[in-house]
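Student: Please show me how to read the features of a protein model, one at a time.

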Amino acid sequence: MKYNFDKDICRKNTDSFKWDTMEEKFNTKDAIPMWVADMDFEVSKSIVDGIKERLNHAVFGYGITPDSYFDAFTSWMKNKHNYIIEKDWILFSPGVVPGISRCVSAFTQKDDEIIVQSPVYHQFYSIIESNGCKVVDNPLILKDGKYEMNFEDLERKITDKTKMIILCSPHNPVGRVWKKEELRKLGEICLKHNILVISDEIHCDIVYKGYKHTVFSTIDERFKDISIICTAPNKTFNIAGFQTANLVIANDKLREEFNKYNEKQFFYGHSILGNIAQEEAYKNGYEWYEQLMEYLEGNKDFVIDFIENRLPQLKVIIPEGTYLLWIDFSSLNMNEEELNRFLIDDCRVILNEGSEFGADCGHFQRMNIATQRNNIRKVLEKIECEIKK
């Protein structure tokens, strides 16, 4: 089946966080929102058909999670990432962010230190601080237009209070798909210092040609004992609204401890329609996914080409994965507030402010390119026009 990702879809007045909060948050109604990390594309037909079929049975009482749910997930991860998962390792979460937060609650104490690698997904900071822990920043290094991990700084900052690192892999917002050697070095440091790795791999399927995602725990058998892999079909298949994610905990002791924590929260898990959405996505959504990646690759190349040839004032960090672009606006010589107003009021586009992701990033903005190419064209041409003014 051929999918049309250019199809214009109006998401206004559908209770969309991305489209229906613009007036409240940004005092505008008619800008193009390219901030929240969801896609403006219709999902695969298999997901829609599976949900419609279930709706025909008009009883929605308490449900269970069938084996087919786990089979679809484990088959996808095996075939796509060579990641072999046993069913018992899989624990449900209503999203990766709630899952990470519960990991922090379950495995740390007040005032423990948790490492992040900025600029990084802003919710990591909120999760750590809301659980009473201390953020320890191990900033990435921007070298020749590409971000790298700073292992020397990492080791210097580890203390006896450092209990955890939240790894973003692939990395949001800088778009790195970490090489196996980089992840191995990080894992060796964490083994040495007994640090638990919470690996956010929600973008693992959104990887561009020439790059390959490596699941952290597959690199070394020992890494299975110090890691929790957090993933979901939400980014890949655009089903975040169903609130389903998977935490993979291979180590029996860690899993038992986490389950005890869950029992105290009276957390029971899966929803009927969320189960169906994930199962249909992983089982029957590959054709849609292949076409999505082709379209996203085209969007990425379009933005890079446009900026290089028509907006040389801007610099884009070439992404290896994710549908999020990290763009440097520093040559416009605006402070962050001026830049935000310029983009929203003059260019009629909403991006994510760079300072959300890390200190000294106010001259950056994050752009979500998982939208119709015509939207991207309009935005870039408007920025070009306003800069010329």
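Student: How much space lies in the largest cavity?

Tutor: On a 1 Å grid over the protein atoms alone, a cavity is a set of points where a 1.4 Å probe fits but cannot get out, and lining residues have an atom within 4 Å of a point. Grid points are joined across faces, edges and corners, and a volume is the space filled by probe spheres set on the points. Here the largest cavity holds about 40 Å³, and the count is 1 cavity of 30 Å³ or more. Among its lining residues are Y83, W89, S217 and K224.

Tutor: Some ground rules apply. This is a predicted model, in which local features need pLDDT of at least 70, side-chain atom pairs count only at pLDDT 80 or more, and totals for chains, interfaces and linings use all residues. Residues are numbered from 1 along each chain as its sequence is written, and side-chain values use heavy atoms, with hydrogens and water left out.

Student: Is T21 buried or exposed?

Tutor: Buried means under 20% relative accessible area, exposed over 50%, and partly exposed in between (1.4 Å probe, protein chains only). T21 counts as buried because its relative accessibility is 11%. E256 has 45%, so E256 counts as partly exposed.

Student: Where does T21 lie?

Tutor: Helices (H or I, at least four residues) and strands (E, at least two) are DSSP runs, numbered from the N terminus. T21 lies in the loop between α1 (17–20) and α2 (22–26). Contact means heavy atoms within 4.5 Å. Leaving out residues up to four places away in sequence, T21 touches S16, F26 and W35.

Student: Which residues have the most contacts inside the largest nonpolar core?

Tutor: A nonpolar core is a set of buried Ala, Val, Leu, Ile, Met, Phe, Trp, Tyr and Cys residues joined through side-chain atoms within 4.5 Å. The largest one has 92 residues, and F237, L296, Y323, L343 and M367 have the most contacts inside it. Helix α12 (residues 286–310) gives the most to this core, with 10 residues. Another core, of 31 residues, lies apart from it and includes L91 and C133.

Student: What is the order of strands in the open sheet?

Tutor: Two strands pair if DSSP finds at least two bridges between them. The 7 strands of this open sheet run β2-β10-β9-β8-β7-β3-β4, with mixed pairing. At the edges are β2 (90–93) and β4 (134–137), each pairing on one side only. Inside the sheet, β8 (residues 196–200) and β9 (residues 227–231) are parallel and joined by 4 bridges. I198 stands opposite I228 in β9.

Definitions and conventions: On a 1 Å grid over the protein atoms alone, a cavity is a set of points where a 1.4 Å probe fits but cannot get out, and a pocket is an open set with protein on both sides within 12 Å along at least five of seven lines; lining residues have an atom within 4 Å of a point.
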